[in-house]
Amino acid sequence: MEWPLETPRNGRYPTFWVDKFCIDQRELADGLRVLPVNVMSCRSVLCLCGKTFPTRLWCAWELCVLLSFSSIEQALQQLVVVTLSKQALSELANFDLSKSGCFDPNEEFRLRRVIDAIGGQRFDAWEHDANAWARAAKR
C-alpha cells in the first residue's frame with residue numbers, strides 16, 4: 001500500500017515543518033528568532049487544538065506571527081484548525097492571551113515582550129472573534 005504522503009505532488013514530495021521537532025527545545029531563544037520566517041513561509045498552518053491549546057503561550061505566539069504579518073483574510077486562508085475535543089472551539093473563542101503561559105518564566109517574559117511589540121493588540125481582538133475561529137475550523 002502506498003501512503004498518500006509518499007506520492008510526489010507538483011514534482012516534489014510534501015514537506016512539513018513541525019515546531020516541536022524543528023525547534024531545538026534546548027535553545028528556545030533561537031527558535032523564537034526564526035519562528036516568523038518558518039511560519040510565514042508555510043502555505044498552510046495546521047492548528048491541532050486540544051484542551052490545553054489556549055493555555056500555551058507558544059501556540060499563541062505562532063498564531064500571533066501569522067496574524068501580525070498578513071491580513072486577517074489571508075491568515076484565515078492559511079489557517080486550518082482541527083479541534084480535538086467538542087469544547088475546543090468554544091475554548092478558542094474564549095481564548096485570553098493574558099491567561100496563557102510557559103513553564104519557564106524567563107521564556108514567558110521574552111515571548112510576551114515580542115508579542116506585544118509585533119501586534120499583541122491586534123491578536124487580542126482577533127482571538128476573541130468566535131466567527132473567525134469557526135471559519136478556520138470549517139476548512
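1. Basis. The model is predicted: local features need pLDDT of at least 70, side-chain atom pairs count only at pLDDT 80 or more, and totals for chains, interfaces and linings use all residues. Residues are numbered from 1 along each chain as its sequence is written, and side-chain values use heavy atoms, with hydrogens and water left out.

2. Overall fold. The chain has eight helices and two strands. Helices (H or I, at least four residues) and strands (E, at least two) are DSSP runs, numbered from the N terminus. Along the sequence the pattern reads α-α-β-α-α-β-α-α-α-α.

3. Burial and contact range. The chain has 139 residues, and 36% of them count as buried. Buried means under 20% relative accessible area, exposed over 50%, partly exposed in between (1.4 Å probe, protein chains only). Take contacts between residues at least 6 apart in sequence: 76% join residues at least 24 apart. Contact means heavy atoms within 4.5 Å.

4. Helix α3. This helix covers residues 57-68. Twelve of its twelve residues are buried, so α3 is largely enclosed by the rest of the structure. Among them are W58, W61, E62 and V65. The expected span is 1.5 Å times one less than the number of residues.

5. Residue L35. L35 lies in helix α2. It is buried, with a relative accessible area of 0%. Leaving aside neighbours within four places in sequence, L35 contacts W17, I23, W58, W61 and E62. L35 and V65 are 30 residues apart in sequence, yet 8.1 Å apart in space, C-alpha to C-alpha.

6. Packing of α2 on α6. Helix α2 (residues 28-40) and helix α6 (residues 105-118) pack at about 15°, with axes 11 Å apart. Axes are lines fitted to C-alpha atoms, for helices over the stretch in contact, and angles run from 0 to 180 degrees between N-to-C directions. The two helices are therefore roughly parallel (angles under 35 degrees). Their crossing is right-handed, meaning that the near helix is turned clockwise from the far one by less than a right angle.

7. Residues at that contact. L28, A29 and L32 in α2 meet E107, R110, L111 and V114 in α6. By class, the contact has five nonpolar, no polar and two charged residues. Ala, Val, Leu, Ile, Met, Phe, Trp, Tyr, Cys and Pro count as nonpolar, Asp, Glu, Lys and Arg as charged, and the others, Gly among them, as polar.

Notes. Parallel < 35°, antiparallel > 145°, perpendicular 65-115°, else oblique.
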